[in-house]
Amino acid sequence: MKRKLSLVMAGVLAAMLLVTGCSSGSQGNAQTPAAGNEGNTFKVGLEAGYAPFNWTQMDAANGGVKIEGGAEYAGGYDVEIAKKIAEGLGKELVIVKTEWDGLVPALTSGKIDAIIAGMSPTEKRKETIDFSDIYYQSDLVMVVKNGSKYENATSLKDFNGAKITAQLNTFHYDVIEQIEGVAKQTAMDNFPAMRVAIQSGMIDGYVSERPEGVSAQAANSDFKMVEFTDGFQTSPEDTAIAVGVKKGSELTAKINEILKGISEQERLQIMDKAIQNQPAAN
């Protein structure tokens with residue numbers, strides 16, 4: 001009788017262990033997808049401060065995408081292109097707000113999968129990272145204060161003696177030296193800071209690409225975009241914009257294939273819509 005009872009108890013214990021084992025295994029399996037979630041995401045780094053390419057907003061209006069780790073959202077041309085690439089890759093888009101100077105380090109360290117931030121594929125950058133095909137081509141302009149003596153400028157000569165700057169670590173800053181007699185100022189971290197500097201009289205103007213100039217002028221009547229009849233000498237790669245990826249990344253070919261499916265007309269429409277939807281500038 002005791003033996004039979006022992007056998008019964010042993011069976012019960014075995015069943016309990018089996019159930020416990022299954023339960024534990026299920027929990028382990030449930031955690032695996034969460035731990036491997038990164039494989040299902042496409043993490044894109046951008047400043048969220050370079051309208052109309054990218055900006056920060058407080059809600060999901062006009063297709064804004066939640067910024068990782070915060071309550072803010074990102075919108076703009078780059079975000080719309082990033083959406084299309086993420087969709088083509090079959091992954092969930094994650095926006096990682098990153099200072100301009102930190103984008104390349106974030107990419108090479110694996111914090112992000114790609115840079116989609118109005119970045120030009122310069123030879124210097126190509127030493128560290130790879131780039132996709134071009135997804136936008138632009139021209140250089142100058143943004144000045146509306147009503148200033150520079151508002152009707154048409155050539156670089158008109159900026160002789162002017163206090164001019166551009167964003168840190170961009171070719172925009174390098175081309176300032178093409179202006180004879182210019183008072184080249186210290187480079188600034190971002191475009192909002194340069195707009196404030198113009199309003200305060202700290203600088204007379206800053207160099208940017210045409211979409212940003214259109215954006216500044218449209219968002220705030222304090223700003224005027226100057227387009228040149230005799231402007232900066234640049235190479236095609238300087239005014240081109242492409243997706244930055246890690247050296248040797250398999251993403252390059254996949255992204256290029258997706259970009260081929262976005263016509264030039266659609267790209268222009270996306271940019272026009274981004275300029276229209278941008279938040280008002282302070």
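**The largest pocket**

Fourteen residues, written 14 in my notes, line the largest pocket, and Thr122, Lys124, Arg125, Asn169 and Thr170 are the ones nearest its centre. Two or more lining residues come from each of helix H3 (103-108), helix H4 (123-126) and helix H5 (171-174). H5 contributes the most to that lining, with 3 residues. The space in the largest pocket is about 360 Å³. By class, its lining holds 6 nonpolar, 3 polar and 5 charged residues.

Some ground rules. This is a predicted model, where local features need pLDDT of at least 70 and side-chain atom pairs pLDDT 80 or more, while totals for chains, interfaces and linings use all residues. Numbering runs from 1 along each chain as its sequence is written, and side-chain values use heavy atoms, with hydrogens and water left out.

A pocket here is an open set of points on a 1 Å grid over the protein atoms alone, where a 1.4 Å probe fits, with protein on both sides within 12 Å along at least five of seven lines; lining residues have an atom within 4 Å of a point. Volume is the space filled by probe spheres set on the points, joined across faces, edges and corners. Nonpolar means Ala, Val, Leu, Ile, Met, Phe, Trp, Tyr, Cys and Pro; charged means Asp, Glu, Lys and Arg; the others, Gly among them, are polar.

**The sheet**

Next, 3 strands make an open antiparallel sheet, ordered S2-S4-S3. Strand S2 (55-57) and strand S3 (65-66) each have a single partner strand, so one side of each has no neighbour in the sheet. S3 pairs with strand S4 (residues 73-75) over 2 bridges. Lys66 has Tyr73 in S4 as its bridge partner. Strands are DSSP runs of E, at least two residues; helices are H or I, at least four. Pairing needs at least two DSSP bridges.

**Two side chains**

The Gln57 side chain reaches the backbone oxygen of Asp59 at 2.8 Å and that of Ala61 at 2.7 Å.

Last, Asn220. Asn220 sits in the loop between helix H7 (210-219) and strand S12 (223-226). Asn220 is buried too, at 12% relative accessible area. Its side chain lies 2.8 Å from the backbone nitrogen of Asp222.

Technical notes:
Buried < 20%, exposed > 50% of the residue type's maximum accessible area, 1.4 Å probe, protein only. Polar contact = N/O pair within 3.5 Å; in protein donor to acceptor, adjacent residues only side chain to side chain.
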